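Please examine the sequence and the model before reading the points below.

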Amino acid sequence: MIAPPVAIARGDADYPPALLDLPQPPSMIWRIGDLDVLNRPVVAIVGTRKATAYGERVTRELAGALARGGACVLSGMALGIDGVAHVAALDACGKTAAVLGTGADIAYPPSHRGLHARIGSEGLLLSELPPGAHSHGGSFPKRNRLIAALARLTIIVEAPVKSGALYTANDAAALNRDVGVVPGPIDSPKCEGSNLLLRDGAQAIMSPADALALLGLTRPVRTLVELDDPDQSQVWQALKQGPADLDTLCHRASLPVQRCLAAVTALELNGSIECALTGEVRRR
């Protein structure tokens with residue numbers, strides 16, 4: 001059970017100042033959760049609802065690295081890229097915020113009810129729609145402008161030419177915020193819109209370091225490996241030979257795929273290793 005939404009009027013001391021950069025800032029917003037997460041460097045990660053495995057993998061890598069680096073990962077809690085970004089930030093024990101196209105107390109899509117509750121208790125839910133309001137034709141484009149205003153940097157991962165993520169990118173550019181794009185295959189319709197942004201001058205995000213640099217952040221110091229866990233220890237030792245894809249790592253560590261993947265995930269979450277955008281696993 002999450003807390004009821006709290007109203008914040010424009011002019012109140014806790015009204016997010018970044019929203020005042022909009023031509024028409026909302027007169028009222030509602031929040032559930034901790035507004036202080038917006039005091040961190042805020043990065044929006046948005047993209048298509050029908051993400052590819054590549055898009056999901058890249059999003060997990062970026063959102064996890066940015067969250068561990070101290071950023072607040074902002075998105076719209078939609079299916080696909082948005083949802084993956086929120087989950088990756090939370091799994092990295094970082095901070096995330098969602099701006100909704102419904103009331104802050106309404107989980108949309110319904111399949112994200114669990115994620116909605118998790119963000120409400122561990123992060124921040126925001127909306128300019130009153131409690132109980134459901135989405136309508138114009139609510140998501142209006143929501144996107146709030147995401148663009150709140151984020152210092154907006155990163156697009158996989159957006160077709162009619163994607164709402166492109167509206168967010170255009171709103172961000174109009175507000176003189178940085179816009180970054182993860183390059184996608186040139187023959188993929190799911191990347192056609194985002195690749196056009198890249199062609200037209202958006203920042204290329206080729207690695208988590210690129211995104212961290214645009215936010216003025218550096219990679220966090222890695223924590224020590226938990227050597228008491230034998231699977232993690234075997235993976236750590238296997239990576240002493242150099243970076244490897246998952247199949248190679250399973251072979252080197254003599255572990256079945258599921259146990260190897262669990263160890264990789266644990267080591268990635270504690271910051272000891274990283275999974276490159278290519279899928280390669282390596283020590284940090």
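How close do the axes of helix H8 and helix H9 come, and at what angle do they cross? The model is predicted, and in it the axes of H8 (residues 230–238) and H9 (residues 246–253) come within 9 Å and cross at roughly 110 degrees. H8 is therefore roughly perpendicular to H9, as angles of 65 to 115 degrees are classed in this way.

**Contact of H8 with H9**
- On the H8 side, Gln 234, Val 235 and Ala 238 take part, and they meet Leu 249, Arg 252 and Ala 253 of H9.
- The residues of this contact comprise four nonpolar, one polar and one charged.

**The sheet**
- Nine strands form an open sheet with mixed pairing, in the order S1-S2-S6-S5-S4-S3-S7-S8-S9.
- Strand S1 (6–9) and strand S9 (203–204) are the edge strands, each pairing on one side only.
- Strand S5 (residues 95–99) and strand S6 (residues 124–127) run parallel and are joined by three bridges.
- Within this region, Ala 98 stands opposite Leu 125 in S6.

**Helices on the sheet**
- Helix H3 (residues 113–122) packs on the sheet and touches strand S2 (28–33), S5 and S6.
- The direction of H3 makes about 105 degrees with that of S6.
- Helix H5 lies across strand S3 (42–47), S7 and strand S8 (178–182), and runs at about 155 degrees to S7.

- Ser 163 is located in the loop between strand S7 (153–157) and helix H5 (164–174).
- Ser 163 counts as buried because its relative accessibility is 9%, and buried means under 20%.
- A polar atom of the Ser 163 side chain lies 3.0 Å from the backbone nitrogen of Ala 165.

Notes: Residues are numbered from 1 along each chain as its sequence is written. This is a predicted model: local features need pLDDT of at least 70, side-chain atom pairs count only at pLDDT 80 or more; totals for chains, interfaces and linings use all residues. Side-chain values use heavy atoms; hydrogens and water are left out. Axes are lines fitted to C-alpha atoms, for helices over the stretch in contact, and angles run from 0 to 180 degrees between N-to-C directions. Helices (H or I, at least four residues) and strands (E, at least two) are DSSP runs, numbered from the N terminus. Angles under 35 degrees count as roughly parallel, over 145 as roughly antiparallel, 65 to 115 as roughly perpendicular and the rest as oblique. Contact means heavy atoms within 4.5 Å. Ala, Val, Leu, Ile, Met, Phe, Trp, Tyr, Cys and Pro count as nonpolar, Asp, Glu, Lys and Arg as charged, and the others, Gly among them, as polar. Buried means under 20% relative accessible area, exposed over 50%, partly exposed in between (1.4 Å probe, protein chains only). A polar contact is a pair of N or O atoms within 3.5 Å; within protein, one must be able to donate a hydrogen and the other to accept it, and residues adjacent in sequence count only if both atoms are side-chain atoms. Two strands pair if DSSP finds at least two bridges between them.
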